[in-house]
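Try each task yourself before you read the solution.

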Amino acid sequence: MTPPPAREPRADAPPIYRIKADFFRLLGHPARVRILELLRDGERTVGDLQAALNLDSSGTSQHLTAMRRQGLLESRRAGTSVYYRVKDPRIFQLLEIAKQILTSQLQEASALLGDLSELTFDSGSAPDRGPRSAA
Amino acid sequence: MNRRVTRDLPRLNAEFFKALGHPLRMRLLELLNDGARSVTELLDHVDVDVDVEQPYLSQQLGVLRRAGLVVARREGSHVIYTLSDERITELLALSRRIQLDMITAIHDELHAS
């Protein structure tokens with residue numbers, strides 16, 4: 001049931017940085033990011049999450065267990081179902097900031113690609129560009 | 001933003017977090033959070049209490065750079081690193097608050113047990 005232990009990083013920083021890094025390492029998996037997003041509107045059952053993720057049940061529960069163990073999620077049993085929810089809603093704020101940073105990077109990258117393709121294909125004489133769509 | 005990129009966001013987001021999920025990289029980000037620094041300055045700060053060699057430090061800076069967390073510019077013979085986006089400061093501060101509460105909850109449970 002336990003996820004495979006991640007490779008031990010080298011002892012290259014005092015323990016406090018390892019604790020801080022572990023928090024982000026926990027988030028550093030696409031399925032976990034998706035689970036958090038699925039829990040944005042409130043608690044959901046394991047089966048529900050599994051269906052939405054399109055993962056097998058052991059994969060889903062591995063991620064859920066890892067995040068519950070580290071105190072990111074909490075769970076409750078109701079009849080035969082187990083419901084999971086996010087413990088601290090500021091996690092959503094954190095995801096949002098990360099997404100904003102990523103989005104502006106992607107926009108810069110695609111603007112740059114736009115410039116490059118103009119260089120390649122409009123090698124002609126028109127230096128005045130039309131308004132570029134903001135990706 | 002095209003649909004493919006939108007669909008890939010959880011993966012990109014995870015890559016972004018993975019870049020933060022490393023003790024030395026976390027340390028470097030916090031140092032850069034206090035202001036721009038050269039590789040030599042970073043090495044001096046990091047080397048106070050752990051033994052890190054320059055190639056390894058540069059390798060980790062490279063990971064941060066490719067993840068878009070830091071940018072490098074050359075000034076004379078120095079390479080100066082800065083955070084790529086001021087929202088990274090916000091991200092680090094928020095994660096610190098969340099983690100502090102997580103650890104406080106564990107602390108309280110330990111006391112109560």
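**Exercise 1.** Decide whether A:R90 is buried, partly exposed or exposed, and find its salt-bridge partner.

*Solution.* This is a predicted model, so start from the computed accessibility.
Step 1: A:R90 has a relative accessibility of 21%. Buried means under 20% and exposed means over 50%, so A:R90 counts as partly exposed.
Step 2: A:R90 forms a salt bridge with A:D88, and the closest N and O atoms are 2.7 Å apart.
Step 3: A:D88 has a relative accessible area of 15%, so A:D88 is buried.

**Exercise 2.** Classify both members of the salt bridge between B:D85 and B:R87.

*Solution.* Step 1: The side chains of B:D85 and B:R87 meet at 2.8 Å, N to O.
Step 1: B:D85 is buried because its relative accessibility is 14%.
Step 2: B:R87, with a relative accessible area of 24%, is partly exposed.
Step 3: Salt bridges can also share partners, and in this way A:E43, A:E74, A:R76 and A:R85 are joined into one network.

**Exercise 3.** How many salt bridges does the structure hold over all chains, and which parts of chain A does the pair A:R40 and A:E96 link?

*Solution.* Step 1: Over all chains there are 15 salt bridges.
Step 1: In one of them, the side chains of A:R40 and A:E96 come to 3.9 Å, N to O. The cut-off for a salt bridge is within 4 Å.
Step 2: Now place the two residues. A:R40 sits in the loop between α2 (30-38) and β1 (44-45) of chain A, while A:E96 belongs to helix α5 (residues 90-121) of chain A. They are 56 residues apart, so the pair links distant parts of the chain.
Step 3: Both values fall in the middle class: A:R40 is partly exposed at 33%, and A:E96 is partly exposed at 32%.

**Exercise 4.** Work out the strand order of the open sheet in chain B and explain why β1 and β2 stand at its edges.

*Solution.* Step 1: The sheet has 3 strands in the order β1-β3-β2, with antiparallel pairing.
Step 1: β1 (37-38) and β2 (70-75) of chain B each have a single partner strand, so one side of each has no neighbour in the sheet.
Step 2: Zoom in on one pairing. β1(B) joins β3 (residues 78-83) of chain B through 2 bridges; B:R37 has B:Y81 in β3(B) as its bridge partner.

**Exercise 5.** Is helix α3 of chain B enclosed or open to the outside?

*Solution.* Step 1: Of the 11 residues of α3 (residues 23-33) of chain B, 10 are buried, so the helix is largely enclosed by the rest of the structure.
Step 1: Pick some out in the view: the buried residues include B:P23, B:M26 and B:L31.
Step 2: After α3(B) comes B:G35, with a positive phi near 140°.

**Exercise 6.** Compare B:D44 and B:V46: which is buried and which is exposed?

*Solution.* Step 1: B:D44 is in helix α4 (residues 39-46) of chain B, and B:V46 lies in helix α4 of chain B as well.
Step 1: B:D44 has 53% relative accessibility, so B:D44 is exposed. B:V46 is buried because its relative accessible area is 0%.
Step 2: B:D44 also belongs to a surface patch of negative charge, together with B:E41, B:D47, B:D51 and B:E53.

Terms used
Residues numbered from 1 in each chain as written. Chains lettered and ligands numbered in written order. Predicted model: local features only at pLDDT ≥ 70, side-chain atom pairs only at ≥ 80, totals over all residues. Heavy atoms only, no water. Patch = residues over 30% accessible without salt bridge, like charges linked within 9 Å, V, L, I, M, F, W, Y side chains within 5 Å. Areas by Shrake-Rupley, 256 points an atom, 1.4 Å probe, with all protein chains shown as cover. Lys, Arg positive; Asp, Glu negative; His and termini not counted. Charge placed at Lys NZ, Arg CZ, Asp CG, Glu CD. Helix = DSSP H or I, 4+ residues; strand = E, 2+ residues; numbered from the N terminus. Buried < 20%, exposed > 50% of the residue type's maximum accessible area, 1.4 Å probe, protein only. Pairing = 2+ DSSP bridges.
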